Every structure is written in C-alpha cells, then in structure tokens.
Amino acid sequence: MKKKVDDYVNEGIYGTKQTKPEERRKYLGTIRERIVLVLTKGQVMKKRGLKEMDALMKEHNDAKLLLNGNIRVSAFSPYRKIASKNHIPYTVVANKNTKTDFAAILTYDTKAIDREDIFLAEEDMVEKKEEEKNGLGAFFKKLFTGPK
C-alpha cells in the first residue's frame, strides 16, 4: 500500500501513528499484551514486589524495565539494582502530560505474551482489613451494627 502525500505530511506534523495510544499512556509507553509485571506508585514507594520482580526478571531475561519519571529517583534504587543484577535494561519514562498510577513495568519491546495477571497481589487489602478490625472502622461498625 502506497502512502499518500497527506500521510507523509501528517506524520511530519503529528508523528507516526501509534496503536492503542491511551493504553500506551497508561503503561509508560508500552501496551498491555507485552507486560510481565506492573507495580503501582504506592507499591514502589513501600518497596513492594522486589522478590517478584527479581524472579520474573530471571524468567524473562530479554525484557526491559520502565520506570515512571514523575516519581523521585531514590524510590527506584532497589529496582534498578535488581535490573542491573539480572542484566535487564531500564528506562526512566518522563511524560509530564500523562497521569498514571503505575511506577515500574517489566515489559517486552515487541513480544506479545498476554500474561493474564500482570499486577502484584495487593497486600494492602490485608493490612486495611486488619486496621478496620482494630481501628476506627471497628468502632463505627460496632456503633451501627452492635457488638457481635
């Protein structure tokens, strides 16, 4: 298929067309089908998922690590160390115009793996339930539902 002159002009003005642009903004420039593991900002700040990331880097040794450039660099130190140890290249993606909750993504450049579960099991949910049981949540629950 031959490109039309308008296509070349549009590419020059707007850049090359990308597939799934919304998904790429969300996942730091990659698409869902290429992702091995995603860590949220909260998980990275709490240094969660280090063991999982290390194990998956060993298993997927031709992947790369994308780091959200809108987060302070010191938060990524342990993740960069793991990537270096496993000979995984990493890139800091700085896009001020994009808002995403994701901070670290282990992904492939072109290989689609369609991994079903790309998110780290949320340990925070267990902690929140414990807080509810012991904190203000328990007080209000007892207040409105009565003692068990």
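Biologist: How many helices and strands does the secondary structure of the protein chain come to?

Modeller: This is a predicted model, in which local features need pLDDT of at least 70 and side-chain atom pairs count only at pLDDT 80 or more, while totals for chains, interfaces and linings use all residues. Residues are numbered from 1 along each chain as its sequence is written, and side-chain values use heavy atoms, with hydrogens and water left out. Helices (H or I, at least four residues) and strands (E, at least two) are DSSP runs, numbered from the N terminus. The protein chain has seven helices and four strands.

Biologist: In what order do the strands of the sheet stand?

Modeller: Two strands pair if DSSP finds at least two bridges between them. Here, four strands form an open sheet in the order β1-β4-β2-β3, with mixed pairing. Strands β1 (35–40) and β3 (90–93) stand at the edges with a single partner strand each, so one side of each has no neighbour in the sheet.

Biologist: In which sense do β2 and β3 pair?

Modeller: Strand β2 (residues 64–68) pairs with β3 in the parallel sense, over four bridges. Within this pair, Leu67 stands opposite Val92 in β3.

Biologist: At what angle do α4 and α5 pack?

Modeller: Axes are lines fitted to C-alpha atoms, for helices over the stretch in contact, and angles run from 0 to 180 degrees between N-to-C directions. Helix α4 and helix α5 (residues 77–85) pack at about 20°, and their axes are 10 Å apart. Since angles under 35 degrees count as roughly parallel, α4 is roughly parallel to α5. Contact means heavy atoms within 4.5 Å. Among the residues that make the contact are Leu50 and Met57 of α4 and Tyr79 and Ile82 of α5.

Biologist: Where does α4 lie in relation to the strands?

Modeller: Helix α4 (residues 50–59) lies across β1, β2 and β4 (102–107), and runs at about 165° to β1.

Biologist: Is Arg34 buried or exposed?

Modeller: Buried means under 20% relative accessible area, exposed over 50%, and partly exposed in between (1.4 Å probe, protein chains only). Arg34, in the loop between α2 (21–26) and β1, has a relative accessible area of 16% and is therefore buried.

Biologist: Which backbone oxygen does the side chain of Arg34 reach?

Modeller: The side chain of Arg34 reaches the backbone oxygen of Asp109 at 2.8 Å. Arg34 also lies 6.0 Å from Lys111 in space, C-alpha to C-alpha, although the two are 77 residues apart in sequence.

Definitions and conventions. A polar contact is a pair of N or O atoms within 3.5 Å; within protein, one must be able to donate a hydrogen and the other to accept it, and residues adjacent in sequence count only if both atoms are side-chain atoms. Angles under 35 degrees count as roughly parallel, over 145 as roughly antiparallel, 65 to 115 as roughly perpendicular and the rest as oblique.
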